[in-house]
Amino acid sequence: MRHTRRRLTWRGTAFLVGAFAAACTLVNVVPHGTILERPFVVEGPVGETLDLSYAELTVTEVRTADTLESSFEQAVAGGTFLVVDATWRATDGYIVFAGAEVIDAEGRSFWATSRGGCAKGTNSQPGYAWRATYCFDVPRDALAGATLRLARGTHGEDDAGQRRDAVAVVDLGIGQHDVNELWDATEKISIEMPGFASAPATDAGGEG
Amino acid sequence: MTTMPEPPVQAPPAVGWWRRNAVWVALLPVALVVAAAASSFRIWAFWWPNGLHHEVQHVGAGETAQLSEEYYDLGLDVPERANTWVVREIEVAVTSVQRAEELPEPAYGDPVPVPDGSAVYLVSLRLAAEPRTDLSLCQIVLVADDGTRYGEKSPDIMGNGNRCSPPDADGFLSTEPEWSVTSPILVDEEALISEVRVGFGGPGYVTLDLP
Amino acid sequence: MKHARSADADLVVRLLHSVADAVADGMSTTQRVVAGAIVGVFALTPFGAWDEVVTEPEPLVAGQEIEVGPFELTVVRAVVTDDIGFLTPQEGNRLLAVVVDVTNVSDRPEYGVLLAKIFPAPTGEGIAPRSSPFGESAGSEETTEEPRLPDPTILSAEDGTNLDSINPGISYRVALVWEQQLDQAQDEVTLDLAELTWIEEDTTFGMDDQRWFAYGEVLYRGPVTVEKGADR
């Protein structure tokens with residue numbers, strides 16, 4: 001009566017153990033960070049409007065300053081402040097833009113600060129363009145080749161908040177020959193609170 | 001398993017692997033669904049309660065909608081309701097949606113001009129509920145024909161965090177059995193608005209068609 | 001009692017002997033060595049064999065650069081004052097600020113409050129418990145336990161702004177500010193600097209990988225002279 005009773009066979013056991021091992025190997029070998037969880041990066045230069053599906057983003061101006069001034073406080077840079085004006089236009093509904101970092105040529109990350117009245121994050125809705133000023137205290141060697149990374153997802157460990165979501169990466173257009181001038185600038189910049197953009201984001205780039 | 005007398009030769013029953021394992025094969029999709037559900041707790045824990053996801057009622061132009069939904073009360077306004085589930089029942093009707101030339105006075109700061117490319121709509125609602133109904137987190141949304149949701153944020157664009165209360169209201173509790181509110185919403189100039197949604201943070205909301 | 005022996009020894013010794021014999025007889029040499037070691041350690045129990053290893057903290061010297069976690073730190077001085085930036089003390093208190101030069105020498109940004117993990121509130125210096133926004137201190141009943149002393153507020157000493165983050169390669173002169181009760185004021189404050197440990201992979205419930213964590217071990221300890229006045 002061979003087939004009336006179920007039994008453990010060597011072949012079946014080997015199959016199960018093999019399948020388990022193969023699945024474990026697959027989970028460990030597949031590079032999550034670079035393939036499965038990779039954000040959808042939308043790249044562009046300063047002045048161009050980038051379509052992130054949930055919003056349109058235009059970086060309108062990049063400046064440096066040693067001192068930031070707002071209506072309630074004044075902040076002095078440890079390195080120098082990279083001051084970036086950006087305009088958001090949400091496309092679907094109300095949205096919080098939580099991620100703001102500068103990444104230098106070596107891949108180091110620099111967080112935005114709220115010192116001097118700057119925005120570390122902001123939020124917006126469809127129906128209007130929203131301007132926010134981000135400030136990053138960076139050392140001299142981070143300036144050349146720096147890029148700005150803005151998104152609705154937070155940065156943080158392995159960019160967990162940005163998995164499989166659109167992220168804007170804007171080349172700030174700083175070359176090696178610009179570094180001295182930017183670093184030596186001893187300007188004081190007045191920071192405005194986030195507010196309605198005076199011109200729609202789509203026109204700010206002056207292109208197309 | 002050694003020297004047993006040879007069993008009488010018998011043709012093996014014609015039962016294939018699929019047949020023998022029919023129960024397990026049938027259970028496999030069930031197991032997959034259970035595994036997927038077990039690892040999707042974030043959907044009901046974080047996504048579902050935050051935002052307007054469940055249309056409680058959809059009514060035609062000029063009709064009155066009933067928003068009835070349970071919410072967890074923290075007792076911020078009514079201490080005796082603290083940490084209990086409370087049913088919020090509100091009747092909503094749209095009395096008008098009008099375009100305005102200027103934005104109303106902000107809650108604080110100087111008047112703000114209408115941004116380029118934007119149009120101001122004033123949405124007027126008539127609301128009815130039992131007094132002492134909690135009206136916090138009220139959202140009044142204009143939905144365009146392409147699905148874009150305008151004015152979801154609470155507080156609204158002018159900083160008013162009490163969108164479903166009358167302008168002179170003190171706190172988040174209703175005082176009258178029936179009252180009216182007007183809320184300003186910025187909309188893209190070319191947008192075609194087709195409906196109004198009203199909710200209180202979610203997940204439930206009501207939809208009212210516009211004529 | 002297979003191996004009971006001579007009759008002239010007293011009962012206890014005979015018993016112990018026989019037990020030891022019975023156990024040791026069936027053992028290999030390796031097993032005997034291991035068993036001997038275990039018995040040895042237990043024998044040292046009254047002398048502190050199980051006590052935690054305590055490392056003496058190194059002396060903290062103002063003006064000397066040290067490295068803790070991702071930071072290079074130099075404790076500059078301690079100052080008492082009546083206001084720094086937006087901070088003002090409650091009545092009967094004043095502000096005690098420890099001024100530290102901080103450089104993030106790692107290659108990732110850190111939150112400013114990480115410094116609060118390195119600099120726990122000095123004990124026995126009359127640091128005022130933080131007043132809770134909900135009125136009286138959270139556990140309003142009198143507890144026998146000492147209330148947990150508050151973390152310092154992390155400010156830029158140069159401009160009094162809140163230092164929310166410290167980017168790699170950036171140096172700040174930082175003020176770590178506590179409220180101190182006036183009647184407890186001394187000319188010197190003893191500071192403890194806690195060690196930070198890098199958590200590459202967090203296997204605890206939080207699963208919060210790649211961060212610095214303070215287990216509370218004191219790395220440096222030393223007195224810092226307290227100066228008076230609004231000088232930063």
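**A charged pair and its setting**

Modeller: C:Asp101 has a relative accessibility of 25%, so it counts as partly exposed. The limits behind that word are these: a residue is buried under 20% and exposed over 50%, with partly exposed in between. The model is a predicted one. The side chains of C:Asp101 and C:Arg173 form a salt bridge, with a distance of 2.8 Å from N to O. This pair joins distant parts of the chain: C:Asp101 belongs to strand β4 (residues 93-104) of chain C and C:Arg173 to strand β8 (residues 171-181) of chain C, 72 residues apart.

The chain around this pair may be described next. Chain C contains 3 helices and 12 strands. Among its contacts between residues at least 6 apart in sequence, 70% join residues at least 24 apart. Of its 232 residues, 34% are buried. The accessible surface of chain C amounts to about 14,500 Å², and carbon and sulfur atoms account for 54% of that surface. The domain assignment divides chain C into domain 1 (11-47) and domain 2 (58-130 + 146-228). The C-alpha centres of these two domains of chain C are 52 Å apart.

A:Asp104 and A:Arg108 meet through their side chains in a salt bridge of 2.9 Å, N to O. A:Asp104 is buried, because its relative accessible area is 4%. A:Arg108 is likewise buried, since its relative accessibility is 12%. In chain B, the side chains of B:Asp73 and B:Arg81 form a salt bridge at 3.6 Å, N to O, and both residues are buried. Over all chains, the whole structure has 26 salt bridges.

Salt bridges also occur between chains. The interface of chain C and chain A has 2 of them. One joins C:Asp159 to A:Arg115, whose closest N and O atoms are 2.7 Å apart. At this interface, 20 residues of chain C contact 20 residues of chain A. The size of an interface is often expressed as the accessible area lost when the parts come together. For chain C and chain A, the buried area is about 1,600 Å², of which 52% comes from carbon and sulfur atoms.

Nonpolar residues complete the picture. In soluble globular proteins, nonpolar side chains tend to be buried together. The largest nonpolar core here comprises 37 residues, and A:Phe136 and A:Leu148 have the most contacts inside it. Among the elements of chain A that give two or more residues to this core are β3 (55-69), β4 (74-90), β9 (130-138) and β10 (147-151). Leaving aside residues up to four places away in sequence, A:Leu148 touches several residues, including A:Val59, A:Val84, A:Phe136 and A:Val170. A second, separate core has 34 residues, among them C:Leu73, C:Ile166, C:Val189 and C:Leu193.

How values were computed: Residues are numbered from 1 along each chain as its sequence is written. Chains are lettered from A and ligands numbered from 1 in the order in which they are written. This is a predicted model: local features need pLDDT of at least 70, side-chain atom pairs count only at pLDDT 80 or more; totals for chains, interfaces and linings use all residues. Side-chain values use heavy atoms; hydrogens and water are left out. Domain bounds come from an automatic or database domain assignment. A nonpolar core is a set of buried Ala, Val, Leu, Ile, Met, Phe, Trp, Tyr and Cys residues joined through side-chain atoms within 4.5 Å. Buried means under 20% relative accessible area, exposed over 50%, partly exposed in between (1.4 Å probe, protein chains only). Helices (H or I, at least four residues) and strands (E, at least two) are DSSP runs, numbered from the N terminus. Contact means heavy atoms within 4.5 Å. Accessible areas come from the Shrake-Rupley method with a 1.4 Å probe; for residues, only the protein chains shown count as cover. Buried area is the accessible area (1.4 Å probe) that two parts lose on being put together, summed over both. A salt bridge is a side-chain nitrogen of Lys or Arg within 4 Å of a carboxyl oxygen of Asp or Glu.
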